[in-house]
Each structure stands twice: as C-alpha cells, then as structure tokens.
Amino acid sequence: MMEKNAIERKIRELLAKMTLEEKAGQLQQCGPSLVGAFEVSFEELLDMMFDGRISKEEFDRLMSGAKQDFHEDDIRAGRIGSFNGIGDAATANRLQKIAVEETRLGIPLIYGYDVIHGFRTVTPIPLAESCAWEPGLWERTGRLAAEEATAAGVHMTFAPMVDVAKDARWGRVSEGAGEDVLLNGDYGAAKVRGFQGDDLTREDAMAACVKHFAAYGACEAGRDYNRVDMSLQKLWDEYLPSYKACIEAGARAVMPAFNDINGVPCSANEWLLRDVLRKDWGFDGMTVSDANAIAECVNHGIAADKRDAARQCLRAGVDMDMTSNSYIEHVQELVESGELEESVLDEAVADILRVKFEMDLFEHPYRTSEEREADAMLTQEARALAREAAVKSMVLLKNEDAPSGLPEGNSGNKKILPLAPDARLGIFGRLAADRGQMTGAWAVGANPDDCLSILDACRERGISYRYLDGADNPEGLSTKKRILEIAEESDVFLAVIGEDKEESGEAASRASITLKDSDIQLVKDLLEVGKAQGKPVVAVLFNGRPLAMPWLAESADAILEAWHPGVEAGPAILDVLFGDANPSGKLTTTFPYASGQCPMYYAHMNTGRPGGKSKFTSKYLDTPLEPVYPFGFGLSYTTFAYENLSVEKTEDGFHVSVTVKNTGSRAGEEIVQCYVQDVAGSRVRPVKELKGYKKIPLAPGEERRVEFELPSEKLGFYSREGTYVVEPGEFRIYVGGNSRDVLEAGVIL
Ligand code: NOJ
C-alpha cells in the first residue's frame, strides 16, 4: 500500500484541483435506477406491490421489462463517486472506464454492495453462523465472500452488522451475531479480517463497512427504524464495544444507523461520528449513510428540508450520501452561500479519496475481469466451506430417547438422533423442498437454483423418503390420512417448519414471534400418528430469529435449529441428522416463552426484586421466568461434564480453569463459556456477562483443563460519571456449557 503521507499528499493535490461540484460528486453514491417499463418510480412500484395495488406477478412482469439507468452522464460530469448494487464485472468495468477516462480528473468509482453472508455461495445467515462461536470460521467465510464479490467488481461490502440485538421481534437479528456484545465484536472483527485480508490493494480485498453505527439493535419495541433511547453508560457498556472491535480490526468504512439515539438521528449525530468514532477511536476511513437516511432526517423531525439535512449530516460527519441525492443537490450551494465551510466538505472528500487510494483504485481501477468472475463463483471448495459453516451453525435443541424399534444411529447414544444410515424419512412441510428460502434474508448476489433443499439432499444421498407438503392435497385426502399412508414407509417423521426468508431481515419486525398455526397443526397431526405408530417427530426449523415456541419444545421428540443455512442447506442438515457430523452449535440468542417477554436476554440486571415465587417480584403472571432455551444452549450427540472450577487471583485479574470431560461415546466439540458478575458495583451490573469462550474437541472419555485469562481491564464498566472504571471487590465467575447450567466460584479483585 502507498505510504500514509504519500496518500495524504495526493489527496491534498487532488482536492486543490477539484471544483465544488466535483467534490460533491465524490460524496454521491447512487444505485442504478430502473426505468422504461412503468410510469411510476421503482420505489412507488414496490409500495404498490406491498399494499396490494398490484400483484407480485404483475410486479415481476413490469420488472422484467425494465431497463437499468446507470446515470452515465452524471459519471462523466464527475457527479458520482460510488455505486451501490452493481455486482457484475462487465458493468463495473464499463462504468469505471467512464469515470477514469472520460471525467476531468479521472477519479475512480468505488463499488459498494450488500455482501452479508456470502455473495454467490451463500453461507448461513450471520445469526446462524455466530452459533458456531468460531472466529476462524467467520473469517474464512468472510474471505470467501470477498473472493467472489470482488471478482464481480465489488470493492466494499456493507457488512459486518454488529448491532447487539436483544429483542427477537426485530427482524434484523438475523444479520448479526445475536444478543451478546463480546460475540458481536469478535464476529465483526473476524469478518473485517476476512473481507479485507491484510493488503487492501489486492484485487480480492473488499473493504468492510461496519454497520449500523450505533445501537440499531436496541430500536424500541423491536420495530425496525424506531428510536433508541438509553443511558450513555448502557450505550458504552453494552452496544459500542462491538463497533469498536471492528475499527480496531481495521475496518475502512462505517455506516451510521437509521435510528436516533437519545433524540439525535445517527446520521446527524456529531458526537457519535466525530467525537466517539474519529477522536476517541482514531477512525480515519469513510462513513457512508444508510439508504436515503440523510433525507429521512426530515421525517425524523430534525431537519426542515433536504437542504438542511445535507448541511447537518455533512457537518456531523457523514461523508457519503447513499441514494438520497441530498448532497449532490445542495452541498455546492450550501458552501457558496457560506452556510457550510468548504473545509467540512473537503474533509469528507478526503475520507473517501483516502480509501480509494488505499485500495489503489487510481493505479488499478479495474480489479476484475469477466474471466475472473466466471471462474470465481460457487467452486467446489466454496460449497464445501458453506456446508461446513452450515453444519457448525446448527443447534440441536432437543433429542429424546429413541423409541424401541427405531434403527440406531452411529453415536451409541440411544437417542432419536442421529438417525441410522438406512432410516426411512417421512418428510413434511413446504420448506423441505423450497430452495429459494434456504438463503435467508439479504442474499442479493444469490441464485436460488444454487441451493440444495432437504429433498435434493435426500435424492443425492439415496435416502428412502416420502414427502408431503403440509398444504398440498392432491388426491383429495385429508393431510392426516396422507400422513398415515406415508407412515407405513417411514421410520421417523421430519416436520420442516419455520419462517420464510422474508420474515426476518430488514423491515421484517414481528409483534408475535410464534410458529405459524399451520406449522403447529402439522406437528400435532404428525405427533398423533407418530405416537400411535412409534414414529418420532423431529422438527427441523428454518428461521432468522429466535421463536417463542414452548409448545414445540415440549411436544416434539427432537428439534434441530437449522436457521437459514445457505446453498448447502440440505446436505448440511442430513450431515447432522444422520450423524456424519456431531452438532456443536450453541445459541447466541435467547429463545423466550412468549413474544411479550421481548427483549429477553441472559445479561439482564437483577432488579431490587428478582423474579421468584412470591407476588411482589419482577416477573410475568402468565409465563415462566426462565426462557425456553437460554443463551449459549445447544446439545451434542455426546455429553460433557464440568468439574473442578478454580479461580486464582493474578497480578492483574483472574485466571480461571475448569475440567471438561466428554462423558459420552463419540467425539464431539464443546463450547466452554466463561461468565462474570460484579457482585456490588457502584452501578448495577448484569447477573452474568460473557467474558470468554473456547471451542474444544474431545474424544470419548477424554478430559481437558480449559483456561481463561480475565485481566482486570475486561471487568470494568462505565461509571455514573461516564468514565470506564474497574472496581475492586467481589466477583462471581461462572463456567459451563450454556449461560444457565454453570459451575460457580467467588473471588475478590
Ligand atoms: C438499508 C440497510 O439498512 C443497510 O443495512 C444496507 O446496507 C443498505 N440499505 C444498502 O442496501
């Protein structure tokens, strides 16, 4: 990479040559507009489909006739600095040629794209992948995503999302690493390393744009885009560290969030974008607004109009305007009229040019070719990694003893799962066959035909199966009659149920996070027949968020949480069901009993009246206190025992060690978790906070001493005055295989 000083010199030289319009142009990011086949704008067309004025079929018909307008004249005039959403080499190179050869200064474009969990090779949704608790894996899938996306011309991904998400009603819980701040930070840092590699000038390096800064996951009532109002201490303790971890890992871009924090939208939040991000954390990359977010400051009620919004957001530190056109329409005039200092504009332009120089786009503006693109996608190795990631993401939630007569699987554990290699499956539910749903939310570069469903995998593997789509009823028989018919040829029933991909992700908040009535009915029917005939019912769940499903947890014989696993969904699920792989995933998000408990999370405060049996305690009358599945929970085909927890005081903190033993009869991996509680702080502290985790392989009968170092700097929090403090006194240390079932030791710091 060019030396830092040389880059700064080049930026200054370039700035000196730029007109105000060219400067504003560098701040402008747009997407291709769709034109031609319809009278109204694309956004209006989308609205028309969502509010039912036109059908999905009509929408698709109009879209297929539409043409993309790439605003080539604007590129030529130096009025565009970046595109969002161009993911093919031919278009990327064609437009880049205009920018480089036909503009006055030849400044290259930078291409951003939502590469959230894979580009063409879609890997599990981030929430799923976080359940692997494996930074090395997160980094490898990040690298894979970068190799494919950069081959398609992408320079920057709008990822990772490290919004700590404690409220399962929020649809975007699917896009991050769950409810814990440490895990989100580790996940994000690993992704940054994976996306960017160690040399930004390489053609396969993809700059990371960390989002959504900040605390978007705390939007009130889990409703997307909603306000966030919280103490600054809580913000610093529980939300900001995950973004900071990504900045420390070297992320070159940051996206301010849609929400406001304590009344100031993040896009207009100078404290957040200048004081915290740049001054405190030393960030010198570029910031990119969220889509249309600058103009939306008018809706927030903090700006009088788009012009005012442009002035406020640029001053607050938003460098690039994603698709709202506020800067390109108003910045020149704001500077000319003296309402905005040119130095503020120059700083924003400098941030963007800095990243372009760091990526060497001036010397190598064409970082890909159609040949490279053709070779890069969906290779065998990529599919193998997607399968590995999917297997490691799955969480076995329940696995009852096998009924007599069920052929035994390869674990010798006398449980329903794993299944015997020749077990015959009765498979039920639309999602077992629906390839397109396997990607989950945000898989923009995906092709649904690349995905393998459960049925595809059964065929590939030669599994004997019968299939019934719960809703499908070709012979006019009732579903139950058909279940009976299928039962004759099956040893076990698979109920494949859950959420479609559109039911999580952006703009997909749900007030009720329960299973669908039709899914519950299907499982009831299966259980009725299954009980009578000795066929266990295994629920395979596809979903992008935790579900409130106490009935299923109680009734199903086994439950495999598969999330939205990506292109290798089917094979990975069969790997787990048939025991080729031993499940090791652990939940990174709490599964509540009822939607009304949201937000429900393990690191809660105790209150003055911790929930209990007596009346005046902190609880609900109509749900248990405990979640259905706690944070950190997940079963294996083997069992693990924990003993001899020891905590020693070191010069600066604690040394924790525990013995973990594989007490079952097959090899497995255990995710050992270490939590801390500050017993009496000067501010109330969570009942437990995750401070360390280790994933360890153990052969049957093998035991290992697992160690954690807890330096005191990890044990502090933000004081009443708002400074980070580490307070001496009593701490409790908890170690176990989930956040509920732990060994405990007290120690004085
Ligand atoms: C809106 C989303 O909030 C953000 O996450 C995404 O990166 C942008 N749109 C760009 O598509």
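A residue counts as buried when its relative accessible area is under 20%. Met49 has a relative accessibility of 16%, so Met49 is buried. This and the values below come from a predicted model.

**Met49 and helix α3**

Met49 belongs to helix α3, which covers residues 42–50. Leaving aside residues up to four places away in sequence, Met49 is in contact with Ile54, Ser55, Lys56 and Phe59.

In soluble globular proteins, nonpolar side chains tend to be buried together. Here the largest nonpolar core has 136 residues, and the members that touch the most others are Met156, Phe213, Leu552 and Tyr629. The greatest contribution to this core comes from helix α15 (residues 342–358), which supplies nine residues. A separate, second core holds 42 residues, among them Leu406, Leu425, Cys458 and Ala562.

The contacts of Met156, again without residues up to four places away in sequence, include the stretch Ile110, Tyr111, Gly112 and Tyr113. Met156 also touches Met206, Ala207 and Cys209, together with Ala253, Met286, Val288 and Val355.

**Helix α14**

Helix α14 spans residues 326–336, and its buried residues are Ser326, Tyr327, Ile328, His330, Val331, Leu334 and Val335. The elements that cover these buried residues include the helices α2 (20–26), α13 (306–316) and α15, as well as the strands β1 (28–30) and β12 (321–322). Just after α14 comes Gly338, with a positive phi of about 80°.

**Ligand surroundings**

The ligand is surrounded by 13 residues, of which Asp114, Arg172, Lys211, His212 and Asp290 are the closest.

| Residue | Distance to a ligand oxygen atom |
|---|---|
| Asp114 | 2.4 Å |
| Arg172 | 2.6 Å |
| His212 | 2.7 Å |

**A four-stranded sheet**

Four strands form an open sheet in the order β22-β21-β26-β27, and their pairing is antiparallel. Which strands are at the edges of this sheet? They are β22 (689–698) and β27 (742–748), each of which pairs on one side only. On average, neighbouring strands in this sheet are turned by 20° against each other, with direction ignored.

Strand β21 (residues 668–678) runs antiparallel to β22 and is joined to it by nine bridges. Glu670 has Ile696 of β22 as its bridge partner.

**Glu648 and strand β19**

Glu648 is part of strand β19, residues 640–650.

Terms used
Residues are numbered from 1 along each chain as its sequence is written. This is a predicted model: local features need pLDDT of at least 70, side-chain atom pairs count only at pLDDT 80 or more; totals for chains, interfaces and linings use all residues. Side-chain values use heavy atoms; hydrogens and water are left out. A nonpolar core is a set of buried Ala, Val, Leu, Ile, Met, Phe, Trp, Tyr and Cys residues joined through side-chain atoms within 4.5 Å. Buried means under 20% relative accessible area, exposed over 50%, partly exposed in between (1.4 Å probe, protein chains only). Helices (H or I, at least four residues) and strands (E, at least two) are DSSP runs, numbered from the N terminus. Contact means heavy atoms within 4.5 Å. Two strands pair if DSSP finds at least two bridges between them. Axes are lines fitted to C-alpha atoms, for helices over the stretch in contact, and angles run from 0 to 180 degrees between N-to-C directions. A residue is near a molecule or strand if one of its heavy atoms lies within 4 Å of it. A polar contact is a pair of N or O atoms within 3.5 Å; within protein, one must be able to donate a hydrogen and the other to accept it, and residues adjacent in sequence count only if both atoms are side-chain atoms.
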